[in-house]
Amino acid sequence: MRVMIFAKTTPEQESRTHDASGNAEMGQAMARFSAELNAAGVLVSEGALQPSSQGVRYRTGGDDAPTVTDGPFTEAKELVAGYWLWQVRSIDEALEWLRRAPFPAGMTLELRPLVEMPEGASSATD
Amino acid sequence: MSGSGSGDQIQRTLEAVWRIESPRLIALLTRVCGSLELAEDAAQDAFEAALRQWPRDGIPANPAAWLTSTAKRRAIDVLRRQSTQRRKAAELGRGLEDAQPDLDDLVEARAIDDDLLRLVFICCHPLLSVDSRVALTLRLLGGLRTDEVARAFLVSEAAMTRRISRAKRTLAEARVPFEVPQGADFAARLGSVLQVVYLVFNEGYSATSGGDWVRPALCEDALRLGRVLAGLAPDEGEVHGLVALMEIQASRLAARHDPRTGAPVPLLEQDRGRWDHLLIERGLASLERADARPGPRGPYALQAAIAACHGRARTPDHTDWGRIVALYDALAEANPSPVVELNRAVAVSMADGPAAGLELVDALADEPTLAGYHPLPAVRGDILERLGRSDEAAVEFARAATLTRNEAERRLLLARAHPSSELDSS
């Protein structure tokens, strides 16, 4: 199965100035972790998102015109900071990998399995 | 981090840890104990100990280290009882107090990789039947439980347990050394490893009998094994070639059957919007890695290059058939087989017209290895149809329908044999 993992942040965390050396250390630790995931054949894709100040929100309007809003999205409770796409046998395996990730305390990661073809669902006569 | 929570949750966590850690653990133990059987027994004992103790004491902060040291202690106990093995027991004991290798320590990490690579080669040893190699690989390298391997290959768990035990005994009795083959031996032995991985992939990609068409989980297992291999043997072009082939084929899994009827959909008729373009990109990247290695493309890289031609084409009309024909020419030289010739004939029929393709297909008419092979009459029927020779085409499709054991495919071929008639569901 494949799982999407969203690293969450908040508008407040986004606006905080970051400690450069702390970032470099975290960056290295994350790179090592990604390499481990890659070596295990688990990592399919990954990406770090620019802060919401660089983002745009698009709201459909139906018959009316759509609404386009530039970031930052200071009203949001949670924002996505980055994503992973993993190939794992179960959510439990994904959780086990997450336990090994070098994240600081208090970080929220959301795991969402993808909608995929169920096993053996392909024959119409079953 | 300690885990409280239900026994069920602890079991699931243990199984997750097992799937991640057991290959490395078994590889390490095999090297130190000199016996795959002892290694697996010790590892299995550790698993069962965890099942008993973790619900009572909580999940350890470092589950992998817990399993490793527990397994080592079991192995030492066994070795001590074999008086001739006391030296090995002492060696093992010396390492017992070592902390779980720090992942920052690249030297240690490389040692683990070496052990894992040795385990790969031993699981795929030519002394074993192909069935046994597949079983051992999925069990020891894939971290699958015996019942999962049994289910994947449609045998009983008891039969699979026997198959795996026999395989380990065969290796022990022949005193197969725990090492990576050297020199000229390496290419042939690697070929056998790649064959096992691709076999697993194909089991998942195209079940050949019954009503089922795909078993996606096996494709995932094979893909992961292939990716792990690419990390362990990055200088081998054919490893990257196989990974490229599997990534690109896997990209089509969602498009290979009609979601409403379950009928198989041929490549050229598939909805390319349902192809997974992320996997295609990954496949193309792997193919580049294969091509960066010195020497000509091997058979897997060639097949991957052919798959890449399809993967790159936005619509069937964008397919570079000339390039595909050239690739099949190379493949026919590197890996000659009647099946390759048949696929080449299809490509020629697209690049140079159906008449040219028919000539090549007819040359295969008496090929003994294709006697029961349903794609042969199916391809001939397809070409005849394109030439407007519908009655002859119908005969070929009907013949193909009798040869396939796949129910959905049989119905499809019968429908092509009788396009204007109303078919009932039988």
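This is a predicted model: local features need pLDDT of at least 70, side-chain atom pairs count only at pLDDT 80 or more; totals for chains, interfaces and linings use all residues.
Searching the whole structure over all chains turns up 10 aromatic pairs.

**Aromatic pair in chain A**
- F33(A) and W86(A) have ring centres 6.4 Å apart and planes at 70°, so this pair is edge-to-face.
- F33(A) belongs to helix α2 (residues 20-39) of chain A and W86(A) to strand β5 (residues 79-87) of chain A, so the pair ties together parts 53 residues apart in sequence.
- Both ends are tucked away: F33(A) is buried at 3% relative accessible area, and W86(A) is buried at 0%.

**Aromatic pair in chain B**
- F201(B) and Y205(B) are stacked, with 5.5 Å centre to centre and 25° between the planes.
- Both sit in helix α9 (residues 184-205) of chain B, four residues apart, or about one turn of the helix.
- F201(B) and Y205(B) are both buried.

**Charges over rings**
- R57(A) puts its charged end over the ring of F73(A), 4.3 Å from the ring centre.
- R100(A) lies over the face of W97(A), 5.7 Å from the ring centre.

**Helix packing in chain B**
- Helix α6 (residues 130-141) of chain B packs against helix α10 (residues 216-232) of chain B at about 75°, with the axes 12 Å apart.
- That angle makes α6(B) roughly perpendicular to α10(B).
- T137(B), L138(B) and L141(B) from α6(B) meet L218(B), D221(B) and L225(B) from α10(B).
- By type, the residues of this contact are four nonpolar, one polar and one charged.

Terms used. Residues are numbered from 1 along each chain as its sequence is written. Chains are lettered from A and ligands numbered from 1 in the order in which they are written. Side-chain values use heavy atoms; hydrogens and water are left out. Axes are lines fitted to C-alpha atoms, for helices over the stretch in contact, and angles run from 0 to 180 degrees between N-to-C directions. Helices (H or I, at least four residues) and strands (E, at least two) are DSSP runs, numbered from the N terminus. Angles under 35 degrees count as roughly parallel, over 145 as roughly antiparallel, 65 to 115 as roughly perpendicular and the rest as oblique. Contact means heavy atoms within 4.5 Å. Ala, Val, Leu, Ile, Met, Phe, Trp, Tyr, Cys and Pro count as nonpolar, Asp, Glu, Lys and Arg as charged, and the others, Gly among them, as polar. Rings of Phe, Tyr and Trp (its six-membered ring) pair if their centres lie within 6.5 Å; planes under 30 degrees apart count as stacked, over 60 as edge-to-face and the rest as tilted. Buried means under 20% relative accessible area, exposed over 50%, partly exposed in between (1.4 Å probe, protein chains only). A charge sits over a ring if NZ of Lys or CZ of Arg is within 6 Å of the ring centre and within 35 degrees of the ring normal.
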